[in-house]
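Me: I would like to learn how to read cavities and salt bridges in a model. Can you take me through them one at a time?

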Amino acid sequence: MSRTALRICPLCEATCGLTLTVEGTRVTGARGDRDDVFSKGFICPKGAAFGAVDGDPDRLRTPLVRRDGELREATWEEAFDAVAAGIRGVVERYGANSVGVVLGNPNVHTMAGALYPPVLLAGLGTRSVFTASTVDQMPKHVSSGLLYGDANAIPVPDLDHTDHLLLLGANPLESNGSLCTAPDFPGKLKALKARGGTLTVVDPRSTRTARLADRHIAVRPGTDALLLAAMAQVLFEEDLVDTGELTPHLQGLDELREAVRDFTPEAVAAACDVDASLTRTLARELAAAPTAAVYGRIGSCTVPHGTLASWLVDVLNILTGNLDRPGGALFPQAATDRTPRPAGPSHGFALGRWHSRVSQHPEAKGELPLSALAEEIDTETSEGEPIRALIAVAANPVLSAPDGDRLDKALGSLDFMVSVDPYLNETSRHAHVVLPPPPPSQSPHHDFAFNTLAVRNQVRYTRPAVPLEPGRMAETEILSRLVLAATGMHGADPSAVDDLVIGQTLGKAVKETHSPVHGRDPRELAALLQGDTGPERRLDMMLRLGPYGDGFGVRPDGLSLTKLLAHPHGIDLGPLASRLPQPLKTRSGKVELLPGPIADDLPRLREALRQRSEGLVLIGRRHLRSNNSWMHNVPALTGGTNRCTLHIHPEDAQDLRLADGQLVGIKGAGGAVTAPVEITDTVRRGVVSLPHGWGHDRPGTRLRHAAQDPGVNVNQLLDGTLLDPLSGNAVLNGVPVELIASP
């Protein structure tokens with residue numbers, strides 16, 4: 001007999017509400033939840049395939065422990081005994097920094113991934129921290145940190161109300177949006193056009209999003225920062241700057257004017273391959289629109305000037321008075337945000353508080369570049385011990401980081417490695433212990449990260465749709481036990497981790513004068529928390545202390561877990577609203593328009609005015625039915641257009657005498673791969689495109705469907721030396737490549 005259950009989709013950043021059909025303990029269908037307060041029934045192919053993802057037979061069901069060189073099934077007790085012995089042995093012999101931690105993208109899609117890694121890092125005390133952010137969005141975190149004093153204060157476009165959207169390096173019709181959580185992004189763009197608004201897309205590819213636009217500008221890859229700087233220069237030169245109500249909150253406007261003076265449309269035209277008159281038109285249209293928003297994503301982040309491009313996105317929003325106003329770009333307010341503190345000067349944001357051991361890369365947001373992981377393992381220096389043990393949580397850097405072959409070898413040399421992963425994949429195959437979390441249907445869900453980026457304030461929570469199977473362990477318990485095992489508390493009750501966090505959080509809250517619980521007894525407050533599990537009690541605490549919370553009884557109509565559970569389709573908290581100056585945490589208490597690190601990096605951008613690659617350059621691409629490297633094992637999400645082919649323009653193919661479907665060698669600084677040619681005019685001349693996340697051909701994995709059509713690893717074309725210096729983000733787009741036709 002079938003039943004239905006609600007679940008928030010964890011398969012991309014749109015966070016759509018789903019209605020699952022469940023037969024026994026198996027999910028047999030998924031459709032959009034029409035009553036969901038945020039997604040209102042929207043669903044994409046990934047969400048529709050939730051049951052297939054959830055029930056993938058290649059998902060690991062029990063822990064694996066390496067014995068006599070082979071990974072074999074083990075009990076949970078044996079697995080955590082091995083973790084405790086392996087990690088603590090390395091820490092005690094070589095120190096905390098000899099343990100590396102790698103956090104992958106799926107961490108932000110689960111409650112466990114949001115709640116426990118920060119505790120793990122604090123307990124270990126290691127500075128050897130690497131995440132997927134430095135192959136994705138770190139430039140936006142750094143630019144936000146420098147502008148606003150908070151690396152997580154990222155304004156998002158007010159899609160439902162803007163009159164003019166300028167979109168760079170993003171393809172939300174296929175990615176569903178990123179750093180901008182918006183169910184039915186395609187519908188929102190169509191609604192923008194239907195109400196008479198304008199959509200402009202800047203992208204080297206004619207993507208589905210670009211084809212929807214009023215104007216598509218096929219910019220030369222990697223030159224977004226130059227184009228944006230030229231637009232800012234036009235706004236100053238033509239007296240189009242109007243900061244409006246932002247003016248009292250700004251610092252450095254005159255210095256900014258001088259900083260962009262050299263970036264005229266004429267100066268950047270050759271480098272960008274965008275006519276100067278068109279650049280001026282873009283700036284004028286942006287300034288003239290009643291409301292407007294500029295939004296840039298991965299294509300403008302994973303380039304040599306990613307932080308400058310991310311900074312200039314916000315600069316244009318500021319210069320046109322569109323930051324922090326409806327219809328422009330606004331700061332969301334999530335229900336689990338910390339209690340809003342009074343506006344005023346704060347601690348600010350700093351870069352380079354420590355550096356990587358080998359190449360001396362500066363940290364950003366507490367992280368080192370993922371590109372540097374291999375050398376931090378395989379290179380001896382006088383600067384300290386190399387990484388000898390690794391904890392990988394939902395991470396597959398062999399495919400997601402540059403030069404996977406080198407990292408593959410480096411992982412094999414580790415003294416110890418533990419991987420939290422549902423699959424035996426290209427990275428976890430090296431682990432000494434693999435701890436598999438249960439399928440998503442058996443886990444609770446709340447979007448801690450994505451609600452801070454949502455285009456409408458709302459809050460939703462779903463309990464597990466299916467009971468935990470016998471022999472499985474909840475992901476929250478896995479990570480709790482991992483924290484204990486790695487920090488010298490192996491054997492303690494896993495609830496101790498949640499109790500510790502609750503005690504520390506409430507102990508701090510009662511001392512803050514702006515907190516609704518100031519002066520109260522933290523033990524009394526802890527006793528008031530509701531929830532069936534430690535994670536639920538932590539969620540209840542965050543909701544009650546948050547901006548909409550009940551303050552533990554201070555605001556009776558406020559949020560709590562009990563109230564949220566009474567609204568299974570979520571609670572709408574209203575449209576985004578102006579919030580400045582409250583989000584600012586800079587030392588000045590203002591938006592610092594020209595921070596020192598940005599000013600120091602601008603000469604490098606001026607040098608780019610004279611640089612132009614004469615050969616082919618490579619860009620990546622995404623597909624609606626995949627997400628990085630972890631969905632190619634689901635038959636329903638592969639095939640069709642979701643293939644690992646090299647897109648090339650017809651004229652370039654003709655010049656190189658390449659035929660459609662022909663195998664071609666692609667050579668870059670990090671190595672070479674071979675892929676079939678797909679001739680298409682969706683890429684501009686001089687550009688080739690290969691998708692990210694493929695390369696499932698290594699031995700020792702258990703990804704049977706993915707192995708049938710493995711594709712190639714685009715990141716093997718990179719050697720890891722190309723980074724945006726401010727953020728440490730890998731340069732994945734606009735890199736030179738050479739094509740060699742197969743005989």
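Me: How many cavities does a search of the whole structure find?
Reply: Rolling a probe the size of a water molecule over the atoms shows where empty space is left. A cavity is a set of points on a 1 Å grid, over the protein atoms alone, where a 1.4 Å probe fits but cannot get out. Points are joined across faces, edges and corners, and a volume is the space filled by probe spheres set on them. Here the search finds three cavities of 30 Å³ or more. This is a predicted model: local features need pLDDT of at least 70, side-chain atom pairs count only at pLDDT 80 or more, and totals for chains, interfaces and linings use all residues. Residues are numbered from 1 along each chain as its sequence is written, and side-chain values use heavy atoms, without hydrogens and water.

Me: What is the volume of the largest cavity, and which residues are closest to its centre?
Reply: The volume is about 90 Å³. Lining residues have an atom within 4 Å of a point. There are 14 here, and the closest to the centre are Lys 140, Pro 155, Val 294, Tyr 295 and Val 313.

Me: By class, what lines the largest cavity?
Reply: Ala, Val, Leu, Ile, Met, Phe, Trp, Tyr, Cys and Pro count as nonpolar, Asp, Glu, Lys and Arg as charged, and the others, Gly among them, as polar. The lining has nine nonpolar, two polar and three charged residues.

Me: How many salt bridges are there?
Reply: A salt bridge is a side-chain nitrogen of Lys or Arg within 4 Å of a carboxyl oxygen of Asp or Glu. The count comes to 43. In one of them, Asp 408 pairs with Arg 429, with the closest N and O atoms 2.8 Å apart. Asp 408 lies in helix α18 and Arg 429 in the loop between β16 and β17, so the pair ties together parts 21 residues apart in sequence. Helices (H or I, at least four residues) and strands (E, at least two) are DSSP runs, numbered from the N terminus.

Me: Is Asp 408 buried or exposed?
Reply: Buried means under 20% relative accessible area, exposed over 50%, partly exposed in between (1.4 Å probe, protein chains only). Asp 408 counts as buried because its relative accessibility is 10%. Arg 429 is buried too, at 17%.

Me: What is the nearest side chain of opposite charge to Asp 224?
Reply: Lys and Arg count as positive and Asp and Glu as negative; His and the chain ends are not counted. For Asp 224, that side chain is Arg 684, 11 Å away. Asp 224 is buried yet has no salt bridge.

Notes: 1 Å grid on protein atoms, 1.4 Å probe; cavity = no way out; pocket = protein on both sides within 12 Å on 5 of 7 lines; lining within 4 Å.
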